[in-house]
Amino acid sequence: MVESFGENLRMLRQGSGLSLEKLARKINYSKSYLSKIENGLSAPTADIAKRCDSALETGGTLAAMIVPVRPEAPAVPEPRPGTEAGDGDGDGDEVWVMVMDPEGTAGFHRLPRRQILAGLGIAVGYALTGGARSVADPTTIAGLHQAFEQYRRLGTTSRPGIVLPQVVAHVHTVRSLAEGAVAPEVRDELLVHASRAAEYAGWMSQEAGDDRAAAWWTAKAVTFAASGGDHHLGSYALVRQAELALYQQDSLTTIELAVRAQADPSVGPRILGLAARCEAQGHALAGAPDGYLRALERARAFLTEGAPPGVSRPVLGSASVADEVALAEGWSLYDLGRPADAAEILDRELPRIAADARRARARFGARRALAHAGNGEIEHACSLTREVLADAVHVDSATVRLDLRQLSRTLARWHNHDAVRELLPELGAALRVARVSPA
């Protein structure tokens with residue numbers, strides 16, 4: 001009975017007729033390193049396991065021997081359907097404060113109303129509680145929709161510290177208008193809009209490196225949506241939690257949450273497709289090609305359906321990429337130990353992302369450079385990395401930096417290569433940049 005990873009690797013390699021040297025060339029690792037793994041002198045990594053599975057066509061056998069570590073993820077409060085905005089979810093006794101300094105650092109704080117009143121006096125108390133409540137008319141609502149779309153566009157080119165204060169203020173404005181709405185249909189429309197804006201605030205918080213704030217905003221979005229009659233956002237909140245787990249390299253939680261998000265078919269093809277796409281990425285991270293392929297096909301089928309005609313609400317998920325499934329495929333193939341296939345897809349899809357969609361270009365561009373580096377195309381990978389850094393410096397994304405750190409570790413294996421020696425200081429400087437304080 002085979003018990004160790006090294007013994008299993010040797011048995012599978014010999015069964016395929018590959019020498020140690022040939023396998024090392026196929027996966028772009030050294031023969032001596034593979035020898036140490038086979039002989040139990042070095043611990044295997046998940047990357048090594050998945051590359052060997054791909055080269056030996058073993059269907060994830062080796063990856064399954066690497067016990068995944070489930071990191072502690074920030075808890076997202078369970079949404080409470082039917083909770084009224086401003087009445088029972090804490091908003092009525094809560095004041096939202098954005099703290100900003102001249103250098104652009106921004107932080108979001110939630111404080112009890114009575115603490116604000118006690119600390120700042122009667123004048124501020126009147127400002128918080130007095131005055132006539134605004135009324136939303138069709139022109140105002142249309143303007144709010146347009147403003148939010150502008151914030152989303154700004155988010156594709158700018159760092160989170162620029163976008164978050166405006167989005168938080170936008171959510172506050174919309175929820176306040178909803179509280180003052182007399183017509184139920186107007187109130188519901190405003191609350192659903194507030195939910196989309198709150199969900200986006202969660203995404204920008206994640207981009208700023210604050211997963212706890214991302215979880216809080218996602219839960220707030222679910223509460224707003226349920227109060228406005230949209231009970232499907234709870235399923236999308238599971239997708240967002242799955243995405244947080246994915247970036248934390250937690251494949252098990254990613255898959256579990258993405259599967260739960262697909263439990264209710266009535267949520268519609270968009271949410272089901274995003275959940276299936278996330279599930280596919282989770283299976284790829286776990287090194288399970290069969291589960292990946294099944295989930296990816298479901299994602300493709302659902303997302304091809306698109307939104308039903310006449311839906312005017314802001315789209316959930318990214319609105320800056322043409323083919324989410326193709327990009328997820330390129331992303332996932334790298335995780336499955338197939339960097340050459342990943343590079344081929346990402347080479348094709350990157351030019352389809354608009355030049356001003358810097359956040360998406362940085363995210364998938366980093367994966368593209370990583371795929372080429374993993375395929376041993378070091379000089380080309382270094383050239384692509386410089387393109388990524390040009391976009392990354394503008395968006396200052398915590399999630400992009402995760403891939404850049406992995407890219408830095410991968411390139412460091414070729415530290416004697418001239419192109420790598422020139423690039424690593426630039427890459428290291430980019431990784432040290434973190435101008436946005438978490439909310």
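Start by selecting Leu190, Leu404 and Leu411: of the 79 residues in the largest nonpolar core, these three touch the most other members. A nonpolar core here is a set of buried Ala, Val, Leu, Ile, Met, Phe, Trp, Tyr and Cys residues joined through side-chain atoms within 4.5 Å. Buried means under 20% relative accessible area, with a 1.4 Å probe and protein chains only.

Before moving on, know that this is a predicted model: local features need pLDDT of at least 70, side-chain atom pairs count only at pLDDT 80 or more, and totals for chains, interfaces and linings use all residues. Numbering runs from 1 along each chain as its sequence is written, and side-chain values use heavy atoms, leaving out hydrogens and water.

Now zoom in on Leu411. Leaving aside residues up to four places away in sequence, Leu411 touches Ala373, Ile378, Ala381, Cys382, Thr385, Val420, Leu423, Leu424 and Leu427 (contact means heavy atoms within 4.5 Å).

Next, select residues 358-374, which form helix 16 (helices are DSSP runs of H or I, at least four residues, numbered from the N terminus). Of its 17 residues, 15 are buried.

Last stop: Asp230, in the loop between helix 9 (211-227) and helix 10 (233-247). Is Asp230 buried or exposed? Its relative accessibility is 10%, so Asp230 counts as buried. Show side chains, and you'll find a polar contact of 3.0 Å between Asp230 and Arg196 (a pair of N or O atoms within 3.5 Å; within protein, one must be able to donate a hydrogen and the other to accept it, and residues adjacent in sequence count only if both atoms are side-chain atoms).

Definitions and conventions
Buried < 20%, exposed > 50% of the residue type's maximum accessible area, 1.4 Å probe, protein only. Helix = DSSP H or I, 4+ residues; strand = E, 2+ residues; numbered from the N terminus. Expected span 1.5 Å × (residues − 1).
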